[in-house]
Every structure is written in C-alpha cells, then in structure tokens.
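User: Hi, I'm new to this one. Can you walk me through it?
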Amino acid sequence: MPGWDTRSRRASEPALTTEELHRVRWGLGGLLALLSVWSAFFLELNGAGLLFAISAPILATLLRPMLAERIPALVWRLVFPGLILFVAADIVLNSEALAALLRLNLLLIAVRACGPRRPREDLQLLVLCLFLVVISGVLTVALGFVLLILAFTAVALAYLLAITLGESCEPEPDGSHLWARIPWRALLLRLRRSVDWRIVAACGGLYLLVVAIASLLFIAMPRFQIENSLSFLQLKSKRSLSGFSDTVKLGDVTDIAQDRSVALRAEVSDPEHVPPLPYWRMVALDEYHEGAFQVSRGLLRHDRRLPAVRDISGLRSSDRPVWTFYYEAGVSRYLPLPGEFARLTLREARSLVENRRVGTLALREDPQSMFAYRVDGLVFGGERHDPELGRELREHIAAPGGDNGYPLTLLAVPTGEKNVAALDAILAELMSGPRPDAAEFARRAIAWLERQHRYSTRSSVPAGAEDVIIRWLVSTEPGHCELFAGGFTLLARRAGFPTRVVTGFTGGTWNAYEQYFMVRNSDAHAWCELFDERDCWVRIDPTPGSGAAAAMDQDATAPTGGIRAELVERGWEARLDALRMLWYRRIVNFDHGSQEEMVDTLKRVTQESGRALLAKLDQWGLRIRDWLLAPWDLGRMTCWGGIVALGAALGWGAWHWRYWWWGRWRRRSRGIDPVRREAGRWLRRFALAELPEDSAAVVEELERLRYGPATGGRYQRMVFLRVKRVWRRRR
Amino acid sequence: MNEEATTRAVAAEAGDWHGMAGSARARLWRWVSWRELLWGLLLPEKRQRILPTIPGLVLLVLILAIGLAAYNTGNNILFITLALLLSSLVLSGVLAWLNFTGTEWRLVAQPPFRVGQEAEVVVELRNRKKLLPTYALWFDVAARTTGASARLYLRRRLEVGGSDRLCWTYRPARRGRETLVLSGMGSLFPFGFLRKTMGASLYHEVRVWPARVACNFGGAAVARFQLESREVARPGGGNDLLGLRRYRAGDSHRRIHWKASARMRQLLVRQNATEAAETFALWIETSETLWTRAAQFELLCRLAATLAEDLFRIGRLDSVAIDSETPLLVRRIRDVETWLDRLAVLEPGPAVRKRAEPRVRGALLSFEPEGERGVCARLGHEIAARV
C-alpha cells in the first residue's frame, strides 16, 4: 500500500487467538457465576451446604474446562425436567415462593456455568447472575453489596467484550474445543504479553467513568413518592430474637446480650438532648406465668392495626429533636420507642400494630432487612401517662367474679400458698411502718434486692416447688436483669402496685466518626414500669449497676449537655460501623428529601464561595485603589516604572525566544526536537488538505525544518508564520 | 477511443481513504458554524444507524423493568442497579465511537475483471489511533449490476498504526460496466448491545471484459498471408535502435538517452526495433442491422477480445478499430487493455448501409455473424476464425 507503513507498530505483541479468547470467555463466565453465588451468602437461604454444593462444580469447571466435556449428554437432557421437579417440591415443602425461586436461580446458574456455552447461553448466564446479585442486594441491603455490584459490573463488562470479540473471530470448527486444553498459566502469560498496559489503564479509567456516571445518575434521578407503592417481596429467613417478642422466658434477654453485633443505630438532630443513659423501650409485658412474661390477651385487644401507613402522630406537639433510627433485621418486629413523640415517619408504607395503652409500635412481620424510621419530637421520658388505668383497675377489682385479664394481670402474682407466703415474708420487711407510696416502695425494694443479690449474667436458681422467680428472691444467688425485673415486679404487685416488665436496650455508645448512637445486642436489658397510683407509669430499673434506679425526677425535655465522654467510641469497630451507617444514610435512605438537601447544600456552598470571592476581590480592589491614591514621588515612580519595564522586557523576550526555550526544555526532558515535531505535524495537516497553488515553496521549507539540519530561531519563526498564512488561505 | 478515462487501477492516491480519521481531523481545522454544530448534535449523519440487537433488547427490557421496580418500591438498590446499567450503555457508546475513530478504509478493485473469472475486491483498512486498537468491524460490499454482495469481517484486531486487507472474491457474470459499492460498515463492539452502522458510499466503476472464447485462428487465408508477408522493423524489445521519442510516464529510466536529452533539453528515450512479421488489424462493425441478435453480439465481443490478446501475445497485432473511428495502434499491454475496456461497454450501433474499411497496416480482420448463432472473423473474403 503506497504511502503507508503496512507493518503494524505493535507486530511484536501477538493478539489472542480464537481459542485463547474462548478460554478467557469461559473463565469470565465462571467468575461471574461464583460472584453471584457468593452474593447469596447474604441471604441465608437455609443452607450454606447448598451454596458450597453449587460453588464446587462451578469452580472445578472454571479451573478445568475439560471436566464439562466429560458430563454425558443425557445429564444435560435430564437437568431441566429435574429442576422443574425440584422447584415444585421446594415450594410445596417450604411454602415460600421467593426462597424457592432463588434456589432455582442458583441451580440454573450452576447448570449454565458448568455446561457448554454458546453466546446465547452466555447471555442467559449473565442475566441469571444479575438477577441473583440484585435480589440479594435488595433483600439484605448489606454494605457488601456495593463491592459486589462493582466487581460484578467490571467482570460482566469484560465478559460481554470477550463474547463480542469471540463472535467476530474465525469460528472454531465444531467439536474441536481446543480452547479447553489451554493451561491457565500459559493463558495468563499470553494475556500479560498481548495486552498493553496503557490499554489496561485506559480500561480502568473508563470503568471509573462508568462508576462516576452511575453515581451522578443515582443522585440526579428524580424520586417520586408513590402512595400505593408495592413493598418489595420479603424473604422470611430472619426471625425476631425471642427476648423481644410477645413472650419472654427467663434468660431470653440475657442470651441476646451475648451478641456484640449492632442492633440499632440512632442519629439525633441535636446531641444536647441525648440523655445520659438512654432506655430504648420496645416491648411491655404484663402477664406472668411460670417463668415467662408475656403480653396478655386483654392487652392485645388494645392493639390497633394500621394497614400500610407512613406517618403516625403522637401526643407531643413539638417536633424537635428529630431522631432517625436504623434498625437491623432479625432483632424484633417491635420498634424501639424510648418515649413520647410528635410524629413517626417511615421510609415506605408498612402495616403496623400500635398499642397506645402500653406505648408500643410493631411491624406486622419481622423485617428482613435494615429498617429505617424517623421520630420527630421524641423525648426520653421515664414516665408514661395512662389516665385510664386507675379507673379500670378500680372497676375490675370492684366487679367480683370477672375475668382476670388486663388490667388485673398487672397485679397478678403466682398462686399457691408457698409462693404467696414467700412474697409476704419479703414484703413484711419492705412495707414496715406506714404504707409507702410507689416511689418509696421502689427505693426500698431496689435496696433490698441489691443487698440480697448481686448482678451476674450467669445465675442459678435453687430447685424447689415454688415459682422460679420467688425461689430466686428468697435465695442469695446472683441474677441477671430479667430476674431482678421479674422479682421487683412480683414484689410490687403483691404490694398492690401495678407493675409490668419492659424489654429493650439500654445505653449504647456514640460513634464519633459519623455522630450517631450504636446500640448493640449486648445492650439488651429488662426493667420494670411501676404505676404511681395516679396516672403515670414510672420506669424502674432494679438491676444493680444500671445507674438509673428511679427516673422519676428527670425532666425529659431539658437539654442534658451532650454526649458524655465515656460513651464515645473511636475504635476500628466504630470506624467500620460508621461506613455501614454512611451506606444506610447516604445511599439506602437517599430520597427526594436528600436530593433537595444536596441541592440546597450545593446552592449554599456556591453562594458562600461566590460571596467570599467577591469579598476578596473587593478587598484587593480597595488595596489597589489605596495604592494608586497614595502620593507618587520620583523614587516611587522610578521604582515601579522599572519593575513594569523589566516585566515587559522579560515577557517580550520569553515570547520572542519561546521556541528556543521550549526546545531546550523538551530536549532536556525527552531529547526530541519540538521544532521538527511541529514541522512534521504541519506536513501531515498539509497532506490532507487542499492547498493553494503557490504553497510548494512553503512545503519545501517545512520539509527542510523537519528533515534538514538545525536552523536558527528567527528562520523557524518566519517559516511557521508563512505556514500559517498558507493554512488560512487553503480551500 | 480514449475519451473516457478507464478505471483500471482505481486506488492509488491517499485521498481515496475514507473514515473517521481523515474527516475528524479535517473538521478540526475548519470553522464549524453554530447551525452545523447544533444539527450535528440533534441529527446523526446520513446513513448512520444504531439499532439494538437481541441482547440489547434484553438489556432495554431489563432497564425498563428495573426502573419500574425502582420507582414503584423506592428501593435505592434498584436505583443503583439502574444507574449502572444506564452508564454501561453510555460506556458502550463511548467505546464504539472510540473504535470507529481513527479508522480509515478504502475500496480497491484489483483488475482485470473478466466475465467468469474471479477477481479480488479489497477493502483496505488502517488504524490511525495512537493508543487503542480497532476491533470487530464489518464492511458490506456489493456489485450493483449483478446484485452479488458480501459482508467482510475484520477478524483480527487492527493494531495501532497497523493496516489490514479484507478480500472479496467476485466472479462477474456479465460484460459491461459494473459498480462496486462499499455500502456501509458496522460493528457490534464493544458489548454487542447495539448494532452501529455507518454508510460508507464508496463506489468504483469497473469494466468487465468479455470472456475468452475457444476459437481456431488459422486456415488457408492466414497461412497464405503469412507466406506472403515480409519482415518489418517495428518498435519492440530488440537491440537495434529504431529511433528516439519523448519520454512517457512508465518508460524505464534505463532507456533514457541522456546525451540527446541534454542536447534537446527534454527527456528522450531510445526506441529499439524488433523484426516482426506482418501484422493484423482488427475491425468491428457494430451496425445493428448486421448484429440483430444480442447473443451473437456478445460472441463477437468475446471473439474480438480473444483474438486481440492472442495476436498481441505473438506480436502480430497492429491496430484495432471500431466502426469508422480512428484505429488504435496497439504497442503495449495498456493499448490491449484499452481495447478490452472498449469491448466491455460495446453495444450495437446505429444502422449504416456500408462503411468504408479503415486504412490500417497489416491484414484487416473483420467480423460478421455466421448463421444464427456463430461469429466469424474474415481475412479478406476468407474465414480466419470462427466460433
């Protein structure tokens, strides 16, 4: 081909052959399958065994593709009918369609990844893997989804590229499968030799561009609130912890406290309103029966079912401070609500169960992924008003022969002579003298309990015929929070004070990185609420060392002075958890409000920057004006005149000798004459354009600059000037 | 006879290259009006198309489904997935554009084109990019008259600064003018979602020579002519100097007579003589009264072409003529090719009662129909060849 170098400049780096490309495609497909299968680990599909059983053949065929050829054709013919039978049996036996669908997806991925693939099957594999990854992310909202989807995107794009390039290559003869025999090591070495590092860097840059564009799209995509939107299908794999359910047996809460994982994250608009020791109240249990506290049927009748709501109004009027809770899945369907509030807002409409008598709020079903809600005007009160209870109790007590349901369950103690006698013996000591009021009784009872028992997460109750709590009360064994709460409850009830047990969390630590509360499962706790015989339930925490035995004197609305130093956590756990919080806050909970906030922030920052810049310019302007208005004498004029003249001279010199300077600098850095390069560039441009007829001399001069001996700067300038004139006159 | 330039060697100049390299660079250096810029953003160039493939349709359906699910549930994980899918589409467009950029191509027809013989039509490519290779292109070539077409695939990567040739073997079926078209190019690169095609619109007109025909040239008339003819000195490849003539493009530099050129101040070349026997001249009458059957006229063209080549090969062809045109002297292979080009497009002409024979050197071979299907070549009144 005349006029063109037919040899490629990169002839020494051989391109991948068709077989090698097929092998790369096979490898990427296997890798994609493994990534998506591992994403299912987040889902807890009732069988890590299934995931391992699927990963093993995929990995084996990825490393040794020849194994796939050894699978008989009959197997491939029977696999799809087998899958249909499997999924039918799965649905019938487990009655959970979504989990069955996901297991089917896993099996299909295994079939496609291990079997022979043409481009059509490659695309099927890609779609199956994408489905699994996305579903895992949606159902679990795990932080690991970010890394997974980014890795998945990179591998998927490379896979599609390999498929497209493979289709454009020479087709391999049917049945040859030479690509399956190429060793991985040899292939990787070939890849390393044939791929230019600059292309790899360019691909990396393009991938970052994809991520950047995706981020911008994610932020910019308009969010609409659809009132009747469908909630996503839920996978019922996570169940509530038994310590936070309707029935709590002794020891359930203590079991939860063995776990250090974070159960709840809470951020507040104003840290001044964070109490010294927050109680995250969840479940109130009124009925006691043989070692277990539960919500009585009578109390359950006060439950109000709210179908698909987003907002719930409370009793308070002020909407400050604002708390936002991020509640992990698998804790409880009861939402932590420390006190009274003005308004509770959910991220999406959900069916709820509200019980205003005890101040609890629960989801209809256990949440399967992180659940967020906002509470405006929340106060951490130790008191809850219940003006109707006193009247109800009097009515129930006055009506003999009635049922023993709520609210009489608040006074019920274990029956039996020995049980009652044991309680009375303790109360004889506590109630000596005039009958104490509720507050005084509480103080005496707590003091007694502290003298009799010490706190321990491991406790043993002596054997006997009496009720388990009563046996513990009369002993001197150490006890956990449930025993203390249960014991206090029985004593108070026997003394005639309505009391109930409450479970939830207490305390927590303040994450200094993202400024929020981290409440762990190890903060699970049980305490009591005592009715003060007027209209108020008061929080009582009889567990020794809890630091808040009676909270009757605290003003819930007053600022508390911020976070105590001993609560602040700064370790690696806090750092990692802050990352998760960032994920929840900025990504999972990103909505229309967040977009508006971002726009407002951007606007504010831009305006402030603009104002600061204008102020700076004004300042400079004033300085220059003052400088100009200052008196000018001969010395000053000479000095500044000289500076200006020197500057102008330097500038003129730099412009005049720019080619010389440029050449000197470039020669030092690279050793190639930039004038020759520039001349070559002009020659190439001229070759493509239609020049005027008299331009031959100029072309000759350019060629002399390009190929001839080095010339002076003046000559170079003149030539380039003439070149530019010719260029402007071209057709 | 040589009024029209024949399109034999149809690609030689660099200006024949097409593609996004040359045009992009040229565009950089000329002023683009605002109107052109805006229209360019809104409307693509002519014959540029982007259509989704089946995987592309699947992707679009996926995007739609995920988008609907995202808006319906308000789930940000779905929004993330949607954003990644959309940005992958954007990346696909960027990479496709980068793949086309810097790639140039041209259509080269390697003559001769002859009925029934395979000829090569080549698409030459080159990659003028500085960093990225070019992958996975295809080119659609076609012969307009016969309707034959093919799609040529670039199966290897086109390295930076490299070039490649894609060949199409084409067998013309009919004599005459043939237009070879490079109608478009396309690619599925990089991910196979979108089929991007660009109209190329490169045309090359070639002339398809008539096929050779088996004929017996000889007979009593030819034998007698050869006996009676004398040796003559003619320009040729011998060692005897015949004369000097002006330099023509294509002459060997070794034949330049430097002394004479210096004296005459123009380049002169030696013309050597060769002794040759008496020659023949071919004369075709195209009167439609003479050639009433199209098949016979075709046979005429084939016979004339065959005889011209065979006689030239043995150095016995002096000139060729059609109707009353000035005879074309045949001295070089290019003259024969010119004659074949004329035969390629020859059609029966207007009816003429009687034409005068051209004045030629050597024996005049004329052609006339023989019977209903045959054609014969006459030397005087006797038949010298027939088919």
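User: How do α21(A) and α23(A) lie to each other, roughly parallel or roughly perpendicular?

Analyst: This is a predicted model. The axes of α21(A) and α23(A) cross at roughly 20°. Angles under 35 degrees count as roughly parallel, so α21(A) and α23(A) are roughly parallel to each other.

User: Within what distance do the axes of those two helices, α21(A) and α23(A), come?

Analyst: Within 12 Å. Helix α21 covers residues 674-688 of chain A, and helix α23 covers residues 713-729 of chain A. Their crossing, α21(A) with α23(A), is left-handed.

User: Which residues meet where α21(A) and α23(A) touch?

Analyst: From α21(A), the residues are A:Val675, A:Glu678, A:Ala679, A:Trp682, A:Arg685 and A:Phe686. They meet A:Gln716, A:Phe720, A:Val723, A:Lys724, A:Val726 and A:Trp727 in α23(A).

User: Zoom out. How many helices and strands does chain A have?

Analyst: Chain A has 23 helices and 17 strands. It has 731 residues, and 46% of them are buried.

User: What share of the contacts in chain A with a separation of 6 or more is between residues 24 or more positions apart?

Analyst: That share is 77% in chain A.

User: Over to chain B. What span should helix α4 of chain B have?

Analyst: Helix α4 of chain B has 25 residues, 76-100. At 1.5 Å a residue, α4 should span 36 Å. Its end C-alpha atoms are 36 Å apart, which agrees.

User: Why call α4(B) largely enclosed?

Analyst: Because 18 of its 25 residues are buried, α4(B) is largely enclosed by the rest of the structure.

User: What caps the N-terminal end of α4(B)?

Analyst: B:Asn75 does. One of its side-chain oxygens lies 2.9 Å from the backbone nitrogen of B:Ile77. Just after α4(B), B:Gly102 takes a positive phi of about 80°.

User: Which residues other than glycine have a positive phi?

Analyst: A:Ala308 is one of them, with phi of about 45°. Another is B:Ala136, with phi near 50°. Most residues other than glycine have a negative phi.

User: Where do they sit, A:Ala308 and B:Ala136?

Analyst: A:Ala308 is in strand β6 of chain A, residues 304-313. B:Ala136 is in the loop between β5 (119-127) and β6 (137-143) of chain B.

User: And is each one buried or exposed, A:Ala308 and B:Ala136?

Analyst: A:Ala308 is exposed, with a relative accessible area of 52%. The cut-off for exposed is over 50%. B:Ala136 is buried, at 9%.

User: New topic. Where are cis peptide bonds found in chain B?

Analyst: One joins B:Pro111 and B:Pro112, with omega of about 5°. B:Pro112 is in the loop between β3 (103-110) and β4 (113-114) of chain B. Another cis bond joins B:Phe189 and B:Pro190, where omega is also about 5°. B:Pro190 lies in the loop between β9 (176-187) and β10 (194-209) of chain B.

User: Last stop: B:Ala377. Which strand is it in?

Analyst: B:Ala377 lies in strand β17 of chain B, residues 374-379. B:Ala377 has 0% relative accessibility, so it counts as buried.

User: What is B:Ala377 in contact with, leaving aside neighbours within four places in sequence?

Analyst: Its contacts include B:Leu303, B:Leu307, B:Leu365, B:Phe367 and B:Ile383. B:Ser366, B:Glu382, B:Ala384 and B:Ala385 are also among them.

User: What separates the C-alpha atoms of B:Ala377 and B:Ile284?

Analyst: They are separated by 9.6 Å, and B:Ala377 and B:Ile284 are 93 residues apart along the chain.

Methods. Residues numbered from 1 in each chain as written. Chains lettered and ligands numbered in written order. Predicted model: local features only at pLDDT ≥ 70, side-chain atom pairs only at ≥ 80, totals over all residues. Heavy atoms only, no water. Helix = DSSP H or I, 4+ residues; strand = E, 2+ residues; numbered from the N terminus. Expected span 1.5 Å × (residues − 1). Buried < 20%, exposed > 50% of the residue type's maximum accessible area, 1.4 Å probe, protein only. Polar contact = N/O pair within 3.5 Å; in protein donor to acceptor, adjacent residues only side chain to side chain. Axes fitted to C-alpha atoms, helices over the stretch in contact; angles between N-to-C directions. Parallel < 35°, antiparallel > 145°, perpendicular 65-115°, else oblique. Left-handed = near helix turned anticlockwise from the far one by under 90°. Contact = heavy atoms within 4.5 Å.
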